[in-house]
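Here is a friendly briefing to read alongside the model. Please keep the sequence and the 3D view open as you go.

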Amino acid sequence: MIFAPSALSPEEEGLREEVRGFLAGILPADFRPGLGLGGRHDPEFTRALAERGWVGMSIPVEYGGAGASTVRRFVVVEELLAAGAPIAAHWIAERQTAPALLRFGTEEQRRWFLPRIAAGECWFSLGMSEPDAGSDLASVRTTATRVEGGWRVTGTKVWTTNAHLNHFAVVLCRTTPEAEAGDRHAGLSQLIVDLGADGVRVSPIPLIDGEEHVNEVVLDGVFVPDERVLGEVGKGWAQVTAELAHERSGPDRYLSVLGLYRAFLETHGEDVDDTRAAAIGRIGAQMWTIRQLSLAVARSLEQGEAPAVEAALVKDVGTTFEQQVVETLRDAAGGEIDPEGPTMFERLLAECVLNAPTWTLRGGTTEVLRGIAAKALTR
Ligand SMILES: Cc1cc2nc3c(=O)[nH]c(=O)nc-3n(C[C@H](O)[C@H](O)[C@H](O)COP(=O)(O)OP(=O)(O)OC[C@H]3O[C@@H](n4cnc5c(N)ncnc54)[C@H](O)[C@@H]3O)c2cc1C
């Protein structure tokens, strides 16, 4: 496992200032930050960002992107997440679908999807998990059956974030029955399903905080034409595994709590005893260290490598850290409640307490990530 030390160049740091200026101009003064990748779904914000060339930045110019490096994208994403900006509309499309299309898509798919993603007009969901397939993703039961000109897809996906708002989902499904494929990781494929197609039914799964951004997606004989198969039929497992390096290692895995941390400093920064000082210092130091690991993975992706194990470790330490921050700051605040109504810190704390358990689940659970790392270490 390699986490090569890396620093940002002056030019990369300059981009940070530009993004900060843009955010200061576009976000209202009373803006309530979202929790990292839990930021709101706001098509207008996404389009404004796209006009600056900051959506799908690493998409090559010939496909409508900015052709920027992974690290330049890292800088922009870091600023967006640090501000809790409303990034949900383009988030999956730009973080995950665009790199997958570049790596596995046909030329026709790249020419159709990538410019639309970069323009902030084409939004994607991930259709991996099912009622009986989460950590053990190879047990997906959604089936695609060959028909003339394409496939008919039937099955149920769950936890599909923003499927009620997005245009497409990349659905992992079985195109060859397990018994025939021999190996349970064989016979899986990725299909790009139009979420507005006949036979798609999307229903919300309400979360404990009352939000309804994850869904059950029932696919009832949905037709997917051949030109919407992503990559090679039967090679879905290898493709999904490669994709997860992009999903797991980014600043979204340690910055969900930055807004809370800042709000704590604003509310309690004047009244710092030893316990609070220790908490503030420890959180800052840990966040910085995890950031260095994440940056190392970004540089490695930039060099065309597939650091799947390193990415799994960044997600493990990042999301575990995020959960600890919530506990630490809750304790450090000492239960003080502002009599004049909830402060920003109190509101964000409540939101974090309700959401924190999901951080170590989505994108692969902590136990599963540690399993991946352990296997790599003992190989
Ligand atoms: C907010 C949120 C958004 C999500 N968005 C999406 C989305 O957009 N698209 C999508 O496809 N999925 C999405 N997911 C699903 C997420 O990827 C799964 O919840 C996750 O992979 C775990 O699967 P599961 O819930 O079925 O739990 P299970 O796999 O049933 O796991 C239950 C428990 O058993 C443990 N466990 C399982 N296997 C092992 C093992 N081999 N060794 C040790 N422990 C193990 C797990 O760590 C966990 O603690 C989302 C989830 C959440 C919470």
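Helices (H or I, at least four residues) and strands (E, at least two) are DSSP runs, numbered from the N terminus. This is a predicted model, in which local features need pLDDT of at least 70 and side-chain atom pairs count only at pLDDT 80 or more, while totals for chains, interfaces and linings use all residues. Residue numbers start from 1 along each chain, following the sequence as written.

**The shell around the ligand**

- Strand 1 (124-127) and helix 12 (366-378) each give at least two residues to the shell around the ligand.
- A residue is near a molecule or strand if its C-beta atom, placed from the backbone, lies within 6 Å of it.
- There are 20 residues around the ligand, and Met128, Gly134, Ser135, Thr365 and Glu367 come nearest.
- Sorted by class, the shell holds 6 nonpolar, 12 polar and 2 charged residues. Here Ala, Val, Leu, Ile, Met, Phe, Trp, Tyr, Cys and Pro count as nonpolar, Asp, Glu, Lys and Arg as charged, and the others, Gly among them, as polar.
- Why does the ligand lie between domain 2 and domain 3? Domain 2 (126-234) and domain 3 (249-378) both supply residues to its shell, so the ligand sits between them.

**Domains and how they meet**

- The chain is split into domain 1 (10-122), domain 2 (126-234) and domain 3 (249-378). These bounds come from an automatic or database domain assignment.
- Between the C-alpha centres of domain 1 and domain 2 there are 25 Å.
- Their contact takes 10 residues from domain 1 and 8 residues from domain 2. Two residues are in contact if their C-beta atoms, placed from the backbone, lie within 7 Å.
- On the side of domain 1 that touches domain 2, helix 4 (residues 88-104) provides the largest share, with 6 residues.
- That side of domain 1 is made up of 5 nonpolar, 4 polar and 1 charged residues.

**The nonpolar core**

- The largest nonpolar core contains 95 residues, and Val153, Ala169, Leu191, Val193 and Leu260 have the most contacts inside it.
- Such a core is a set of buried Ala, Val, Leu, Ile, Met, Phe, Trp, Tyr and Cys residues joined through C-beta atoms within 7 Å. A residue is buried if 20 or more other C-beta atoms lie within 10 Å of its own, exposed if 12 or fewer, and partly exposed in between, with C-beta atoms placed from the backbone.
- Setting aside residues up to four places away in sequence, Leu260 touches Val325, Val326, Leu329, Leu348, Leu349 and Cys352.

- Helix 3 (residues 70-82) and helix 9 (residues 274-302) have axes that come within 8 Å and cross at roughly 145°. Axes are lines fitted to C-alpha atoms, for helices over the stretch in contact, and angles run from 0 to 180 degrees between N-to-C directions.
- From helix 3, Thr70, Val71 and Phe74 meet Leu295, Ala298, Arg299, Leu301 and Glu302 of helix 9.

**Loop residues to look up**

- Trp159 is in the loop between strand 3 (150-157) and strand 4 (168-174), and has a positive phi of about 65° although it is not a glycine.
- Is Trp159 buried or exposed? Trp159 counts as buried because it has 20 C-beta neighbours inside 10 Å.
- Gly84 lies in the loop between helix 3 and helix 4, and its C-alpha atom is separated by 8.0 Å from that of Leu37, 47 residues apart along the chain.
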